[in-house]
Amino acid sequence: MALLTLTDAVFDYGREKILSGATLAVHPATRYALVGPNGAGKTTLLGVLAGDITLQGGQRSISGSVTVSYLRQESVLSLAEDDQTPVRLAVREKAYARELALQAELDDLGRQLEVAAPADQAALMDKQGRLQNAFEHLEGYTLEPRLEASLRGVGLPPSIWDNPLASLSGGERRRAALAATLLGHSDLLLLDEPTNHLDLESCEWLESHLQERRGSAVIISHDRWFLDRVSQRTLHVERGRLTDYGGNYTFYLRSSGERRKQDTAAWQRQQDHIRQTEAFIRKNIEGQKTKQAQARRKQLEKLDRVDRPAAEEKLYRFDLKPVRESGGTALQAEGLSRHHGERTLFRDVDLLVVRGERVGILGPNGCGKTTILRLLAGLEIADTGRVVRGHNVDLGLYDQNLEIVSDHNTVLGEMQAVDPAATLGEQRSYLAAFGFGEEMIDRPVKSLSGGERGRLALLRLIKEGHNTLLLDEPTNHLDIRSRESLEQALAAYPGTLVIVSHDRRFLDRLVDRLVIFPGPREKQTGVRVFLGGYADYVRKRDDERRAAAPATRTSSPAAPPVTRSGAGLSKNERVRRLAWIAEVEDTIATLEDEKETAIAAMSAPDCDNARRLELADRCAVIETELAQAMKRWEEWSAELEGSD
């Protein structure tokens, strides 16, 4: 039975329809990606599913006692700028409203039982038992360890848990709101850009958390790597139509192209039929075949017309052409160190970047990635060490301060200033590719939002003809189409790239070397260099983690190359898969037992903070291993079912 359904849903803002007779069933234990072009109505649809927006036609139905939690793009834990509530307490109260109410009721019952007359004790104890069962069902006895694991998971360290909310940045408040939303026992999560303000480690934690979570979710995100890892189905909304695809984002890309071809062919067949029928009517309406012509006219009037499918959204193509070529060495850093107050961001960093190389920089929030770019650009000075710029290096920096654009210009004026030879039509095309429509080109830069200003700064940098680009989170304010357009341009760019980004697919497609800053829980202090792309790095890192895991724990079989379709499996292949499934089931059981033991240990009164931190870290690793084991179990089981 569906948790929530839309039937013939209609909604619009007086322009193009957001929903036009849309039908949707959100099923239990299913994670949906929600995709579509900017302005298609993704956020509006989430509001409809949440019940915040009332349909203008059709029906929204929710099943029984289904609970829904909604993380909006602007969600923060508190809107009051002077809120002095400690972070930990604020998240606890937001996430555990039901659990805390039950706990208070249980405490009250305990006090009543102490003074109750013998005749009343049986009824009170019966009620206490029912409440305890409900409390246990909500995992009420593990509130604190789960709270701490979620705060760490979203990137909020223990050092700020007792700080007031007013002391947090906007990004930290957003992460606190995410932690609170995830901790609630909602049947359906609605998440609008949940990876905003998360570093890579937190994104991976969120992926594992959602994969393990039993409830359903509908998720909007521009992070394609994240959508591929998390989603099981994909909802596409465009021009009022809502289409459900039975797979993740990559599956949707393949299937939507095929569906568009089929829809276009069906529309074309109908158009050919209409033209032929109209020609027959014109030719025969006054001849011997008048009755036939009249009958066909009536049939044509009753014909259910197929809407013309939307044209395939093409990536905007633009050339990144350096004005001149740099020397063989683009940038060289020697012994760079930088401190922030008493904290050391990094120490003794050496980096050589040669012409044409593509380097990605990874690391948690606050580790110094942006500082490294500003040092390489010459905008800041290192505490120790030096940066040498190579011969003929023409360097362009995209930083998050967006200083490259001028408040005194209009949007169009910025483009004309950097490329005066381009025609007005070319300028408008450039701007449209990055989300600046006709209604925006005469708008003053100073009136733009942060996202709009970021897109304009990136577009200006692209047009300036640099042979070396330093890019700090260049995809932050871009939708999926604009990200893919930028990827395409940078892939063909003959110059040198140094990129800081949390967009893992973007990094994987563009860089061939990674500079990795350690996370706060890692023992090493220096940066590491990895030769290869992001996917190669993840595979090697996961292999190292598995190899370093305690030998006493049962390990699941390495996932062998398998065929997605189970058709044609031989008897021996079926036997092998049955053995793999049995082994991975043992692994899952072992991991679940270990997790329960760790959670129980964290809940013990004598568990100190250091031990609790160690156990929480182990639980996070277990969650990742469980998700991987479950994925293998699902793949092998699906193959066996497909071969029946």
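With which residue does Glu207 form a salt bridge, and how far apart are the closest N and O atoms? In the predicted model examined here, the partner of Glu207 is Arg229, and the closest N and O atoms of the two side chains are 3.0 Å apart. The pair links distant parts of the chain, since Glu207 belongs to helix α7 and Arg229 to helix α8 (residues 224-230), 22 residues apart. The two partners can be set against the burial cut-offs, under 20% relative accessible area for buried and over 50% for exposed. Glu207 has a relative accessible area of 1% and is therefore buried, whereas Arg229, at 38% relative accessibility, counts as partly exposed.

Helix α7 (residues 200-212) is also part of a β-α-β unit, which it makes together with strands β6 and β7 and which is right-handed. Strand β6 (residues 188-192) is mostly covered, with five of its five residues buried. From this strand, Leu188, Leu190 and Asp192 point one way, while Leu189 and Leu191 point the other way; residues on both sides are buried. Strand β6 is paired with two strands. Strand β5 (residues 68-71) runs parallel to β6 and is joined to it by four bridges; in this pairing, Leu188 of β6 is the bridge partner of Val68. Strand β7 (residues 216-220) likewise runs parallel to β6, with five bridges between them, and here Leu191 stands opposite Ile219 of β7.

Turning to helix α3 (residues 97-115), its end C-alpha atoms are 28 Å apart. The buried residues of α3 are Glu99, Leu100, Leu102, Leu106, Leu109 and Leu113. Among the elements that cover these buried residues are α2 (87-95), α4 (118-137) and α5 (143-153).

Salt bridges were then considered over the model, and the count comes to 36. One of the pairs consists of Arg72 and Asp52, whose side chains meet with an N to O distance of 2.3 Å. Arg72 lies in the loop between β5 and α2, and Asp52 in the loop between α1 (42-50) and β4 (57-62), so this pair ties together parts that are 20 residues apart in sequence. Arg72 has a relative accessible area of 29% and is partly exposed; Asp52, at 44% relative accessibility, also counts as partly exposed.

A further salt bridge brings together the side chains of Asp244 and Arg233, at 3.1 Å from N to O. This pair links distant parts of the chain, with Asp244 in strand β9 (residues 241-245) and Arg233 in strand β8 (residues 233-238), eleven residues apart. Asp244 is partly exposed at a relative accessible area of 29%, and Arg233 is partly exposed at 28%.

Salt bridges also occur as a network, which links Arg224, Arg483, Glu484, Glu487, Asp503 and Arg509. One member of this network, Arg224, falls within helix α8 (residues 224-230), the helix that holds Arg229.

Key: Residues are numbered from 1 along each chain as its sequence is written. This is a predicted model: local features need pLDDT of at least 70, side-chain atom pairs count only at pLDDT 80 or more; totals for chains, interfaces and linings use all residues. Side-chain values use heavy atoms; hydrogens and water are left out. The expected span of a helix is 1.5 Å times one less than its number of residues. Buried means under 20% relative accessible area, exposed over 50%, partly exposed in between (1.4 Å probe, protein chains only). Contact means heavy atoms within 4.5 Å. Two strands pair if DSSP finds at least two bridges between them. A crossover is right-handed if, with the strands pointing away from the viewer, the path from the first strand over the helix to the second runs clockwise. A salt bridge is a side-chain nitrogen of Lys or Arg within 4 Å of a carboxyl oxygen of Asp or Glu.
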